[in-house]
Amino acid sequence: MGLNVNLCGIELANPVIPASGTFGYGYEFAELYDINELGTFSFKGTTRNPRFGNPTPRIAECTAGMINAVGLQNPGVEKVISEELPKLKKCFHKPVMANISGFSVEDYAYTCEKLDKEEQIGWLEVNISCPNVHGGGMSFGTSPDAAAEVTRAVKAVTTKPVIVKLSPNVTDIVSIAKACEDAGADGISLINTLLGMRINLHSRKPIIANTMGGFSGPAIFPVAVRMVYQVANAVTIPVIGMGGVSSAEDVIEMMLAGATAVEIGAANLVNPYVCRDIIRELPRVMEKYRIENLQDIIGGVNNG
């Protein structure tokens, strides 16, 4: 049975990728199982400078999901290169996906250029859901022009595949995906979290110190499938699907919608073995639905 897929010219043994922010820099999970079973993983969102993140509380539970406002807590790109990647190299022997965030176009270009030079990095996943400090705080991912500007700046200083990660908090995600493709993106990943909020009934205050945060988990899966389908039908570059994926069946559904590979996020926080278990479950599910090779079903949804 063929579980392998090709993502931007790099072969993956399977399409399962733990999503950024839910898998740290990998080595914590390597204490639980051999993470080389994974296709690859997207490491914690990395910024130019160290970030402490948002004030607590920054997690709220929801029906079939969770809200987080961690705020890109990370040690900064220099420390990631000098400390995190050497630790990772001891336990992960495949190309890893670097997830990059920034608050200006210059931030993105600087951090991507640094990580592009690292041998372990296979792909650069550029998260454009961050607030643009020079553009009034709206995220780069809400405007086709801003998304294209970041894409062009990163492509100008890198040699490795650039995958742009899109925010779902927009009216027309297709126009933003197409703008990224036209600006040179090698792939698109989606969706990032939806914007959500919870209120404490006793105090009548928001549960999250930041008031709002990113809503993830099984509840958002149908939205993610819809957006992956729309984008995959509009662009010619590979799409990575994510958003509420928590089973081998979900992986197949995402691939039928048009995803070449599938990231799994919040489910890792519920069950740290979930990605390993899904990979082991895939052959049985493929047999059930008479699938020989996963590569063959990408975008294979039947609208007839």
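Is L195 buried or exposed? It is exposed, at a relative accessible area of 56%, where exposed means over 50%, buried under 20% and partly exposed in between, with a 1.4 Å probe and protein chains only.

Hi everyone! This is a predicted model, so to speak: local features need pLDDT of at least 70, side-chain atom pairs count only at pLDDT 80 or more, and totals for chains, interfaces and linings use all residues. Residues are numbered from 1 along each chain as its sequence is written, and side-chain values use heavy atoms, leaving out hydrogens and water.

Back to L195, which sits in strand β10, residues 194-196; strands are DSSP E runs of at least two residues, helices are H or I runs of at least four, and both are numbered from the N terminus.

Now for N127, in strand β7 (residues 121-127). With a relative accessible area of 8%, N127 is buried. Its side chain has polar contacts with two others: S101 at 3.3 Å and N192 at 3.2 Å. A polar contact here is a pair of N or O atoms within 3.5 Å; within protein, one must be able to donate a hydrogen and the other to accept it, and residues adjacent in sequence count only if both atoms are side-chain atoms.

Last stop, helix α7, residues 248-257: 7 of its 10 residues are buried. Among them are V251, I252 and M255. The buried residues of α7 pack against β1, α6, β12, β13 and α9, with contact meaning heavy atoms within 4.5 Å. After α7 comes G258, with a positive phi near 130°.
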